[in-house]
Amino acid sequence: MSEAIKLRVETRDPAKNKGTGTRASRKLRAAGRIPAVIYGHKQAVVPITLGAIEARTMIAGASHLAELDLGGQTETVLIRDVQWDHLGREILHIDFARVDKEELIETEVELDYKGDAAGVNDGGLLTPVVRSLTVKCPAGAIPDSIKVDVSALKLGEGIHVRELTLPTGVVAEADPDVLLVHVVAPAQETEAEPGADAIQPEVIKPERKEKGAD
Amino acid sequence: MALMPKRVKYRKSQKGRVKGNATRGNYVSFGEWGLQTLEPGRISAQTIEAGRVVASQAVKGGGKLYIRIFPHKSVTAIPAETRMGKGKGEVEFWAAVVKPGTILYEIGGLSEDAARAAFNRVAHKMPVACRFVARRPTV
């Protein structure tokens, strides 16, 4: 469990339509700030901004919780959503949800597959099917990642949600039969058949309505 | 065998224009590392296959390759020294239309250096500028 990251944030200019909207957001991004919003707990929605570098550090650190200093008032928030640009380089917007540290919340936690699977030595390939898991836990006790030991996995074997050892107070919100990771035999490569390139796709012919049919 | 659809509603399609950026398929979903296009364009089934062959050699013996694009669009051409008219040409090849941000290939189970080296070779075969990307952090 990591400590909540402390960030200084500012409210957006209330004089200009709360500083919200496309043009205001673009100006903020050009100035090295990221637009964000705080909501939840049936309180008012607060549009805020935070520094782009601090935000990127927070997201790269896989933090879930943050403590936002909003002009002397501190809010404990959960990072609910992050919007990226089309190349995944820049953060466009962040959603923060108000939480209490004792409150039960649902969030995504990364699965960390540890160890060298025994089946890999037999020519198998360790294939993670799921890389993050939705868990329910107190907001103050969100694990950084869930460690899954794969060293005992033999060829053809897998680990399911029901076999996971979760930290105390953390419950997986997924079907217990969901496969997380398995060791499979590598697929055989198929050689190109000679003359196969000439084959054309089948054309779906639309059914024609008969004249006079109701 | 080069990729192409099994069934289509219409065999020939209009040329079209590639506008905007990728809003779907623009992050690494299945593997750990990806090759992302920075330009709009068309990638032919033959090129996709060439990239697959190069990347497969790199991931041999550990690692899995995912192809994230599929050639849905048919491209027609008329033979050389043919007079204009007489209708649209025959289907020459199939291509995938890509927008900036589209992930072309993904690799899982390899180290960053090995994946980077593999995608560097694949990127040289692509008709569009590409970059190496990692998974986004989970929040």
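In this predicted model, 6 of the 6 residues of strand β3 of chain A (residues 46-51) are buried, so the strand is largely enclosed by the rest of the structure. Buried means under 20% relative accessible area with a 1.4 Å probe, protein chains only; strands are DSSP runs of E with at least two residues, numbered from the N terminus. Residues are numbered from 1 along each chain as its sequence is written, and chains are lettered from A in the order in which they are written. Local features need pLDDT of at least 70, and side-chain values use heavy atoms, without hydrogens or water.

β3(A) pairs in the antiparallel sense with β1(A) (residues 5-11) over 2 bridges; two strands count as paired if DSSP finds at least two bridges between them. Here Thr11(A) has Ile48(A) as its bridge partner. With β2(A) (residues 33-39), β3(A) pairs antiparallel over 6 bridges, and Arg33(A) stands opposite Gly51(A). β2(A) and β3(A) form a hairpin with 6 residues between them, and Gly40(A) in the turn has a positive phi of about 115 degrees.

Chain B holds an open sheet of 3 strands in the order β3-β6-β5, with antiparallel pairing. β3(B) (41-44) and β5(B) (73-77) stand at the edges with a single partner strand each, so one side of each lacks a neighbour in the sheet. β3(B) pairs with β6(B) (residues 90-98) over 4 bridges, in the antiparallel sense; Gly41(B) has Val98(B) as its bridge partner in β6(B).

Key:
Predicted model: local features only at pLDDT ≥ 70, side-chain atom pairs only at ≥ 80, totals over all residues. Buried < 20%, exposed > 50% of the residue type's maximum accessible area, 1.4 Å probe, protein only.
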